[in-house]
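Here is a friendly briefing to read alongside the model. Please keep the viewer open as you go through the points.

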Amino acid sequence: MSQPSDSQPLHSFPLDPLSVDEFTAVAAILRRERGVEPGPGSPGSELGWRFASIEMIEPSKAELAAFEDGGARPARRAEVVCFNRSANATYKSVVSLTDDRVEVFEHIPGVQANFTVDEFVECDQLLRAHPDVVEALRSRGITDMGLVFFDTWTYGDAVAPPEFRDRRIGWSDSWVKAAPGANPYARLVSGLHCVVDLNAMELLRIEDEGPFAAGADGAREPTPEVMGEYVPAHIPERILAAGKRDPLKPLHITQPEGPSFTVDGNLVRWQNWSLRVGFNHREGMTLHTVRYRDGDRERSIAHRMSFAEMIVPYRDPSPDHYRRTAFDIGEWGLGFMTTSLELGCDCLGEIRYLNAVLHNSKGEPYTVTNAICIHEEDDAVLWKHVDHDIGAEVRRMRRLTLSFHVTVANYEYLVYWRLYQDGNIECEVRATGIMVTTPLPEGAPNPNGTLVDERTYAPFHQHFLVARLDMDIDGTDNTVVTSESYAEPIGPDNPHGLSLVVRNIPLRTEGEAKQDVSFATQRAWKVVNPNVVTGIGAHPAYKLVPSGAIPPMFEPGSPVLERAGVIAHTLWVTPNRPDERWPAGEFVNQSARDTGLARWTAADRSIENTDVVLWYVFGIHHITRAEDWPVMPVDVVSFWLKPFGFFDRNPALDVVGTPPDACHTSTTSAHH
């Protein structure tokens, strides 16, 4: 296993994430110079401070290029978002680790930092001990608080209680387990929601629509009995017996000589590819300086690729769900939600892992062991042809997969970036976990969801993922081109209507680059370097091949679209700016308006032959199914980046054939 050191070695690369020692140093510098003291008791700040995020400031492309050419090492700096709980004031800071000082400490008025894991845990502790909450649950027949779970969510401005909008607030769902150790997300206590001041950790009010209405005899309708269990020990035997299947025979994936890739610190090399792996609290895993060795040249493909936002609006206006729109990256952070891959069977084969270092709201570092999995996978045939005279030539496809898994409350997101021997890059996301469900009174309609159990429905919702792609095709200055296919009309030169032509339209400005997917024209987008000519006279390019794109289905002016204008289009293109990283804005917690792409692109800046960033929006339009309950089989979405004129020919011609003895096993034929 290749495990990075928790401390930052002197020979580390400038893109390597912050180490344990560096997180500790950042918090200490802010405590020393600005009095950022977590916890109670600091003078004039009775509730103390919280660190919402600490992240390395990545060096610029110019600084990296100079360093790789033997120049000076860029300074190590960190950006910090912290907040004073007593004053409900959010601050952004820049801390120089190189110079051991605070460079910037700025109050950002009118915003709320991301939620912290500590606040989530403290909310649960507050509510389960509060007498008013205990009484509200008792009135519904729930008396064992050990079975109750409180799930705290963030607010958008439009649905936040007006009288509390100047506070840092959250709202909670309440859930009750069927038994100790059972699924905590199986039984929603419908109609019961708590509003919490997260700074004071104070219950502001209980919003109680009451349990199901009483009938004519005054008796309350009981909540439905559901089978929401997925752990075998809690699944009724009758269900397990009904679906009994034979166990699978063992499938062993072995590489007795070790893997074909190398990991040196955070640098990964494999089959002409090289890249560096990064990690931070908000995006989780990031990929940097993605290059392909073509002959004796190391050719640049992308400088940085990551996920910049994930927006999950629930499309159900009922009292249980109208508040429920998650910005899982901006409000919580994929890094903070990343889970260790040391337990379970998440990856198969000869695996190398990378750890990730994060911090709690006191600024104290901790390590997620085996946060990132790197391994090779067989992927069937790469290329093949059978000739009548010379026989078969076939090459099997091998791909390198880099992955990390996040658990965001009830949902899991499994993120895979895959590199292929023919120069392709695939990004795949798998969603699994447990759907939010809601009990229904007898005979009540459920127009915004699907029945998945007895009088229980799962609301429809959408998962919008925003990939941020800082492409550098053979250099930093690129142009994005829309590529579409059209059938020409029948005419003298096209009597059979066979002519199919492709139109490539360069996108000159941000306004032109607000693009939507089109199945009718098979629309895709090429990132082209117009300053380079290949051996066959083409300009090298990589094509973004869209899939999994979904429409927003919101009316203009709707609150979700006001907060997340990015979901209005499949593709956006902007000039690369270091301060433009978050497509719905840096501070989305309790936001009312989009301060990201919608604001930046209003200037309609030039994007021609310059350093550009592509923002690709895709996801899952989740019309829920009974088959998704009680635990959801993975739903898979992906997109591709494919070389288009980047190479002069198939770059996988030199892939070595697989030895015949690795392709066949001795079997006994069965005759029927």
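## The annotated pair and its setting

In this predicted model, the UniProt annotation "active site", from an unreviewed entry, covers D328 and Y411. They are spread over 84 residues of sequence, yet they cluster in space, with a largest C-alpha distance of 10.5 Å. UniProt positions follow the numbering used here, with feature names shortened, and annotations may be inferred rather than shown by experiment.

**How to read the values**

- Residues are numbered from 1 along each chain as its sequence is written, and side-chain values use heavy atoms, leaving out hydrogens and water.
- As the model is predicted, local features need pLDDT of at least 70 and side-chain atom pairs count only at pLDDT 80 or more, while totals for chains, interfaces and linings use all residues.

**Around the annotated residues**

- D328 is found in helix α6 (residues 328-332); helices (H or I, at least four residues) and strands (E, at least two) are DSSP runs, numbered from the N terminus.
- D328 is buried, with a relative accessible area of 6%; buried means under 20%, exposed over 50%, and partly exposed in between, using a 1.4 Å probe and protein chains only.
- Leaving aside neighbours within four places in sequence, D328 is in contact (heavy atoms within 4.5 Å) with E309, M310, V312, G333, L334, V408 and Y413.
- Y411 is found in strand β18 (residues 411-420) and is buried too, with a relative accessible area of 3%.
- Not counting residues up to four places away in sequence, Y411 touches a list of residues including H461, H463 and H622. Also among them are Y314, A431, M435 and M632.

**Overall build**

- The protein has eight helices and 30 strands.
- For 672 residues, a compact globule would have a radius of gyration near 26 Å, and the protein's 27 Å agrees with this. That radius is taken over C-alpha atoms, and the globule rule is 2.2 Å times the number of residues to the power 0.38.
- Along its principal axes, the C-alpha trace spans about 85 × 75 × 60 Å.
- Of the 672 residues, 53% count as buried.
- Among contacts with a separation of 6 or more, 66% come from residues 24 or more positions apart.
- The protein exposes about 30,000 Å², of which carbon and sulfur atoms supply 53%; the areas come from the Shrake-Rupley method with a 1.4 Å probe, and for residues only the protein chains shown count as cover.

**Strand pairing**

- Strands β7 (residues 192-197) and β8 (residues 202-208) pair in the antiparallel sense over six bridges; two strands pair if DSSP finds at least two bridges between them.
- V195 stands opposite R205 in β8.
- The hairpin of β7 and β8 has four residues between the strands, and M201 takes a positive phi near 50° there.
- Elsewhere, three strands form an open antiparallel sheet in the order β20-β22-β21. Its edge strands are β20 (438-439) and β21 (449-453), each pairing on one side only.
- β21 and β22 (residues 456-459) pair in the antiparallel sense over four bridges, and G449 stands opposite P459 in β22.

**Helix α4**

- In α4 (residues 131-138), V133, A136 and L137 are buried. They cover an arc of only 95° around the axis, so they lie on the same side of α4; the arc is that of the directions from the helix axis to the C-beta atoms.
- The buried residues of α4 pack against α3 (117-129), β5 (148-153), β7 and β8.
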